[in-house]
Amino acid sequence: INAEYMGVEMVTQSLAGCKGYDLFFNNPQDEDMTLEFDFGRSENLSVVSVGSTTVDGMCASVSVPASAKEFQFCTLETQDVTRPIAMEYNLASYPTKEANPQAKRDTLKCGAALTLQPLPKAGGYDFSFDNPTDKKHTLRFDFAKSENLKLVPVDASPNAEIQENSVTVVLEPGSELARYFALLSVDRTKGVQMNYALASQSEDAPSKPPA
């Protein structure tokens, strides 16, 4: 049984005599990846730690080294061989290259700045903006080519209008850093791919009437 999470392949090998499963990872990438799985819905199985894997009840987490092949994750052992077993699992936290990924701030061509914060547990990203310029900017993001991601509004931001796969953000002159919207995974057991097209329009702030 094979499954893939952000380029890391999980291989499941059945043990003889219905005694459970061994789980392995292949990581062809040049960076370590951290994964955590919840096996709480499995039946008649217990999670046994292997190597550097951390086990907490029915949850197991591990950092898979770069370029690893057949890296052993954990063993699911049958508790009672006279009863049937069923393996079910959910991705408990999203695969990350860092345990606590840092937000990344980029200045856009219009002069406003986008701060992107990865959300490992939710599987997605927070989008925040600030506008140090004296112009009003309207940004339109199109996420139609993204995979397994949905746009989610942020209650505190009235200046973001979401329409299916696109969002329009209005940044007033001199606005401080604030969250405007989020992209969250639709299915946390699958990987995500974020792609977007950005169109921007800028206009001068209206002149103040003379005192």
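This is a predicted model: local features need pLDDT of at least 70, side-chain atom pairs count only at pLDDT 80 or more; totals for chains, interfaces and linings use all residues.
Is R41 buried or exposed? R41 counts as exposed, because its relative accessibility is 55% and the cut-off for exposed is over 50%.

R41 has a partner. Its side chain forms a salt bridge with E88, and the closest N and O atoms are 3.6 Å apart. E88 is partly exposed, at 35% relative accessibility.

The structure holds three salt bridges. Another one joins D130 to R105, with 2.8 Å from N to O. Here the partners come from strands. D130 belongs to β12 (residues 124-130) and R105 to β10 (residues 104-107), and the two are 25 residues apart. D130 is buried, with a relative accessible area of 10%. R105 is partly exposed, at 48%.

Strand β12 also supplies D126. The side chain of D126 meets that of R179 in a salt bridge of 3.0 Å, N to O. R179 lies in β17 (residues 178-185), and this pair spans 53 residues of sequence. D126 counts as buried, at 12% relative accessibility. R179 is partly exposed, with a relative accessible area of 41%.

Now turn to the rings. A pair of aromatic rings is described by the distance of the centres and the angle of the planes. The count for this model comes to 18 aromatic pairs. Take F129 and Y180 as one example. Their ring centres are 5.4 Å apart and their planes stand at 85°, so the pair is edge-to-face. The cut-off for that label is over 60 degrees. F129 sits in β12 and Y180 in β17, 51 residues apart.

Next comes a sheet. Strands of a sheet pair through backbone hydrogen bonds, either parallel or antiparallel. Four strands form an open sheet in the order β15-β16-β13-β18, with antiparallel pairing. The edges are β15 (160-163) and β18 (197-204). Each has a single partner strand, so one side of each is left without a neighbour in the sheet. Neighbouring strands of this sheet are turned by 10° against each other on average, direction ignored. Inside the order, β13 (residues 135-142) and β16 (residues 166-171) run antiparallel and are joined by six bridges. To locate one of these bridges, look at R140: its bridge partner in β16 is T168.

Finally, step back to the whole protein. Its secondary structure comes to 18 strands and zero helices. Of the 211 residues, 37% count as buried. Among contacts between residues at least 6 apart in sequence, 66% join residues at least 24 apart.

Conventions. Residues are numbered from 1 along each chain as its sequence is written. Side-chain values use heavy atoms; hydrogens and water are left out. A salt bridge is a side-chain nitrogen of Lys or Arg within 4 Å of a carboxyl oxygen of Asp or Glu. Buried means under 20% relative accessible area, exposed over 50%, partly exposed in between (1.4 Å probe, protein chains only). Rings of Phe, Tyr and Trp (its six-membered ring) pair if their centres lie within 6.5 Å; planes under 30 degrees apart count as stacked, over 60 as edge-to-face and the rest as tilted. Two strands pair if DSSP finds at least two bridges between them. Axes are lines fitted to C-alpha atoms, for helices over the stretch in contact, and angles run from 0 to 180 degrees between N-to-C directions. Contact means heavy atoms within 4.5 Å.
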